[in-house]
Amino acid sequence: MIHWAQAGESRYVCASNVHMVMESHDSAEFKTVVNGASLVTSDGVPLVWALKMLGVPDASRVYGPTLTLHVSEWAAREGLPVALYGGTPESLEAFAEVLRQKYPGIQLPCLIAPPFRPLTAAEDDAYTRQIVDSGARIVFVGIGCPKQERWMAAHAGRIPAVMLGIGAAFDFHSGRVRQAPAVVQRLGLEWLFRLIMEPKRLWKRYAKHNPRFVALFFRQWLTSKGLGQSRSS
């Protein structure tokens, strides 16, 4: 990602979890968006487990909020300007202050908190021009899945930077939203922790996606072992 940013290449990176996988399963258009990314990381622990069961023994988690900090550290070290897109003005400034304290010298020339509604073409053009004019070579995009992935795909080729969809990382690192304890994350129960923290916002998502993911993956796993072929035939 740093090499791409140094070269001014327009690319986007998706940090995938069960939600993103199921959105891709449900929408051919969104599947094309995710598959069009230059890099897709296994952000969710259940995806790591699934990859291992499907024969990828060295699969490991690349947690979006942690990746954000690693990229920020490298950006500060290499002098690569970083833009922030998403959240609210307050959450962006709080996150920017966290980055400035952790990584002195980091360049944050562009902080954009777009409205929580579809943008007009003129608004989108203005925000895009603001990012381009800022000279940013890395853009952290925190407007939630699947919106942020669609935004990145739509701006590939328009913004000469590496765009990374980071979901709730703005709020996590600024302390506005609690992260799940490390042991809860290792057990693959971060979704349950977040559900307890934000039940009204998240219960429909988890009720819709999680059971289907388990069922669909189990079917895929059986097929990979040759146990589901006779039924499917």
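Histidine 19 is buried in this predicted model, with a relative accessible area of 10%. That value falls under the 20% cut-off for buried residues, and histidine 19 itself sits in helix 2. Beyond residues up to four places away in sequence, the partners that histidine 19 touches are Cys145, Arg205 and His209.

- Cys145, one of the residues touched by histidine 19, is joined to proline 146 by a cis peptide bond.
- The omega angle of that bond is about 5°.
- As for proline 146, you will find this residue in the loop that runs between strand 5 (138-142) and helix 8.

**Where helix 3 meets helix 8**
- Helix 3 (residues 28-35) and helix 8 (residues 147-155) have axes that come within 9 Å of each other, and they cross at roughly 65°.
- The crossing of these two helices is left-handed.
- On the helix 3 side, Glu29, Phe30 and Val33 make the contact, while helix 8 contributes Glu149, Arg150 and Ala153.

**Helix 4 and its cover**
- Helix 4 spans residues 45-53, and its buried residues are Val45, Leu47, Val48 and Ala50.
- Strands take part in covering these buried residues, including strand 1 (11-16) and strand 2 (39-42).
- After helix 4 comes glycine 55, with a positive phi near 100°.

**Helix 11 and the nonpolar patch**
- A nonpolar patch on the surface is formed by Val183, Leu187, Leu189, Trp191, Leu192, Ile196 and Met197.
- Together, these residues have about 600 Å² of accessible area.
- Helix 11 (residues 190-197) gives the most to the patch, with 4 residues.
- Leucine 192, a member of the patch, lies in helix 11 and is partly exposed, with 34% relative accessible area.
- Glutamate 190 belongs to helix 11 as well, yet this residue counts as buried because its relative accessibility is 13%, under the 20% cut-off.
- Setting aside neighbours within four places in sequence, glutamate 190 is in contact with Arg61, Tyr63, Ala180, Val184 and Gln185.

Methods
Residues numbered from 1 in each chain as written. Predicted model: local features only at pLDDT ≥ 70, side-chain atom pairs only at ≥ 80, totals over all residues. Heavy atoms only, no water. Patch = residues over 30% accessible without salt bridge, like charges linked within 9 Å, V, L, I, M, F, W, Y side chains within 5 Å. Areas by Shrake-Rupley, 256 points an atom, 1.4 Å probe, with all protein chains shown as cover. Salt bridge = Lys/Arg side-chain N within 4 Å of Asp/Glu carboxyl O. Buried < 20%, exposed > 50% of the residue type's maximum accessible area, 1.4 Å probe, protein only. Contact = heavy atoms within 4.5 Å. Axes fitted to C-alpha atoms, helices over the stretch in contact; angles between N-to-C directions. Left-handed = near helix turned anticlockwise from the far one by under 90°.
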